[in-house]
Amino acid sequence: MDSRRVARRSVLAGAVAVAAATAAGCSVPAPPGIAATADPAPGRPISHSSRALLMQFAAHPDDDLYFMNPDTQRLLDAGVPVVSVYVTAGEHTGRNWIKGMPKTAPDRAAYSSARHQGLRQAYADALGADRFAPWQKGVAALAGGRHAEVDTLVHEGRRVELVFLNLPMHTPRRYMALPALWEDRALELRTHLSADSPVTRADTYDHGQLIEVLAGLLAQYRPTVVHTLDPDPDIQISDEATRGRDSEQPGYSDHGDHTAVACFTWAALLRWVADAGADGGAIPAFTTTAFRGYYNRHWPKNLPPGVLAEKAAHLVPYGGDPSWNCGNPSGCGDYGVGGDRPLTNRKGWVRSTHYRWPTRGPAVAGGPGGRIDAYGVLGLRAVRWRERERGTGLFGEPEDLGGGPLVPALGSAVLGDGRVLLFGVRIASLAGRGGTNRRELVLLEQRSPGGPFLAWRGLGNPERGDDRGRRIGAPVAVAAPDGRVHLFVRDADKGVATRVRAADGGWGPWRRLGGDGSGGSGGEVQDGLTALVDTAGRVHLLAAGRDAVRHWVDGSPAAPLPLAGDPVAAIPAPGGVQIFYRHPAEARLRATPGEAPSFDGYGLLSAAPGPRGPVLLGRDPRHQVQLHSGGRLFTRTQGTTPVGDPVLHGATTAVGLGADARPWAWRPERSA
């Protein structure tokens, strides 16, 4: 029986027609059971897992290696167990061939098996084991009586599990199966049987059943960190020839399978939280990072040479080689990805790692008695952690502030009277078959300094239409001396939209910031905006673009600044601001105006003025948190493993989130 066979309860052509047009729309009705709807009310109990665990969801074998590394590797290095779920079998055309090999007939079962073997080789290598180390293969029982292959390797106390659901990539008419399944609930897909797998019976999945299985896996493993692909890729208009060469879906900068699987994963996250919180149950404590995919092709590369070399090296054992004796009769990897091919591929996917909603976090503010209040997104909801005692860096249990479901990015601003404003992006609806899939900006305003909050309030969306509205970025806000608060967000055209809160609390309309006047793509920017106020009270906004860092002062374009591969940091300086940045694919830190200290690394930066010069915070090439202050460089080598990018609180304290879904604080001057 052809493993791509699709069982239908309705006419296939109907599913295909909508799938091709809406692969990036991923609009799906809530699955049977508890509706995954907005739940903004605060006060829910939160349940922490007893140990850290990373769970990541990929469409194909290799998505994690291309797009989620080096983050995955750093957590694995720190001893965090990893569970990686692959939704498709990765069988594609069934051709696993490179130049010099004899031509053979396509064999999808063998190609899928060879790619799975490549993953085993890559993760054995990542664990420091022999790349041909034997894995324990087993069969896991899933929701609805379905089954999946689970391969497990434990080496020197560290553990990796690979879960293969093996849905097909294609239908008999060679349309993409996962986007069709995402759009049409009348469609069923029969799983692919990979060669050499302990799973010997095919299962069927419809839309709701896949969400049910993914949510069941989340409930079983209870991860504290979740990695997903990008559910809302950028709009990307290309001619058909270019789009085909770039392997992208029509109209959007990613593969259609990536988008569909990301949307299924987010629907499962919503379902998991809804099920766990039913009847007053506790919300699971986890953080989420969504990673860009083929977006990496279109923007300046952000990984410096050493980090890139390590990331690319993990693809070498995945690609394998036909000459290897790996013990798998069907093949020893995905040969087209072996050797130096990831580095020589013109698409350059491996040369960057970008977050869908980049943010410095958690948001921090001064709390009662000089303690730190940290705000973040936990279990898709806003929470507040409060430092137990001033200066200890030890935080109490999270206080649920509601607002969910939220994407993992909170912006913040502190008013002149000390009250905190929090800004989030809510998944306002997730409906399907042409239904709504809507994002909205939301606000949570503190009632009194250090105290409780008012009810959540919607701030709308700068875009018209749900499809464009889903492309908005992470909110960034700053309070000006005149009492106004300026909110900024990247928009669907890759520009910047802003909305201003007056001193009396009223909000003006959304408006676009002017570009560079070129009329082309030169004014387009990446997400990860930086906003600050200079000593004259002027509001500055900085955004890394395609060929320069774009700069606005009080809403008007200023002269562009040198090109950066990642979001920049800045501090007030005489006559304006001093900006810290790194050129694309470069570890060295630079500044304008002036000189930057030695501070090699990559990722988002934080900066603050200090008594002895700028204080800088970021990650070094080994992903360790580092801080430069007063001419000295400090590196955080103890404590919980960090995830994401930390933020400065004042000029002395770094605050971040750990792999255990709890905040940490680090005051290096005290530990030196």
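Analyst: Let's begin with a term: rings of Phe, Tyr and Trp (its six-membered ring) pair if their centres lie within 6.5 Å, and planes under 30 degrees apart count as stacked, over 60 as edge-to-face and the rest as tilted. This is a predicted model, where local features need pLDDT of at least 70 and side-chain atom pairs count only at pLDDT 80 or more, while totals for chains, interfaces and linings use all residues. Residues are numbered from 1 along each chain as its sequence is written, and side-chain values use heavy atoms, leaving out hydrogens and water.

The structure holds 13 aromatic pairs. In one of them, the ring centres of Phe132 and Trp324 are 5.7 Å apart with planes at 70 degrees, so this pair is edge-to-face. Phe132 is in the loop between α4 (108-127) and β4 (136-141), and Trp324 is in the loop between α10 (315-319) and α11 (341-344), so the pair ties together parts 192 residues apart in sequence. (Helices, H or I of at least four residues, and strands, E of at least two, are DSSP runs numbered from the N terminus.) Phe132 counts as partly exposed at 31% relative accessibility, and Trp324 is partly exposed too, at 24%. Here buried means under 20% relative accessible area, exposed over 50%, and partly exposed in between (1.4 Å probe, protein chains only).

Now for a stacked pair: Tyr294 and Trp349 are 4.1 Å centre to centre, with 0 degrees between the planes. They are 55 residues apart. Tyr294 counts as buried at 7% relative accessibility, as does Trp349 at 11%. Together with Tyr66 and Phe67, Tyr294 and Trp349 form one aromatic cluster.
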